[in-house]
Amino acid sequence: ALKDDSLTVKLIDFASAVQVDEACSDMAGTMPFMAPEVMDLAGPGEAPPYMPGCADVWSCGIVLLELLGGCGCLEVTLGW
């Protein structure tokens, strides 16, 4: 299941399934679900490290948006 007994949502990415409790500067994840600060790592120049927990909250919001909207809303809007 993708939630635990207390109904906490679990985001799973089997390519990089590790717990990180400190600032991170590695880009990982699926593009339509990435937080803006994670996507910044792919751009030109130096991007500051981001907090993975905050990026996970963004990803949960995108999952919720897709569940409520019934489609890949960002994929359609941004053409991904």
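I then searched the whole structure for disulfides and found 0.

**Entry: confidence**

The average pLDDT of the chain is 77, and 72% of the residues score at least 70. Of the elements, helix H1 (residues 36-39) has the highest mean pLDDT, 89, while helix H3 (residues 73-78) has the lowest, 60. Where pLDDT is low, the predicted coordinates should not be read in detail. I kept that in mind for helix H3, with its mean of 60.

**Entry: the chain as a whole**

I counted 3 helices and 0 strands, in the order α-α-α from the N terminus. The chain has 80 residues, and 18% of them are buried. Its accessible surface is about 6000 Å², and carbon and sulfur atoms account for 61% of that area. I also looked at contacts with a separation of 6 or more: 45% of them join residues 24 or more positions apart.

**Entry: the core**

Which residues make up the largest nonpolar core? I found 6 residues: Cys24, Met34, Ala35, Val38, Tyr50 and Ala55. In soluble globular proteins, nonpolar side chains tend to be buried together.

Setting aside neighbours within four places in sequence, Tyr50 is in contact with the core members Cys24, Val38 and Ala55. The list for Tyr50 also includes Glu22, Ala23, Asp26, Glu37 and Leu41.

**Entry: Trp58**

Trp58 sits in helix H2. At 40% relative accessibility, Trp58 counts as partly exposed, because the value falls between 20% and 50%. Beyond neighbours within four places in sequence, Trp58 is in contact with Phe33, Met34, Ala35 and Pro36.

I took a second look at the pair Trp58 and Met34. They are 24 residues apart in sequence, with C-alpha atoms 7.4 Å apart. A polar atom of the Trp58 side chain lies 3.1 Å from the backbone oxygen of Met34.

**Entry: Gly61**

My last stop was Gly61, also in helix H2 (residues 52-69). Gly61 has 36% relative accessibility, so I filed Gly61 as partly exposed. The C-alpha atoms of Gly61 and Ala35 are separated by 9.9 Å, and the two residues are 26 apart along the chain.

Note on methods. Residues numbered from 1 in each chain as written. Heavy atoms only, no water. Helix = DSSP H or I, 4+ residues; strand = E, 2+ residues; numbered from the N terminus. Buried < 20%, exposed > 50% of the residue type's maximum accessible area, 1.4 Å probe, protein only. Contact = heavy atoms within 4.5 Å. Areas by Shrake-Rupley, 256 points an atom, 1.4 Å probe, with all protein chains shown as cover. Disulfide = S-S within 2.5 Å. pLDDT = per-residue confidence, 0-100. Core = buried A, V, L, I, M, F, W, Y, C linked by side-chain atoms within 4.5 Å. Polar contact = N/O pair within 3.5 Å; in protein donor to acceptor, adjacent residues only side chain to side chain.
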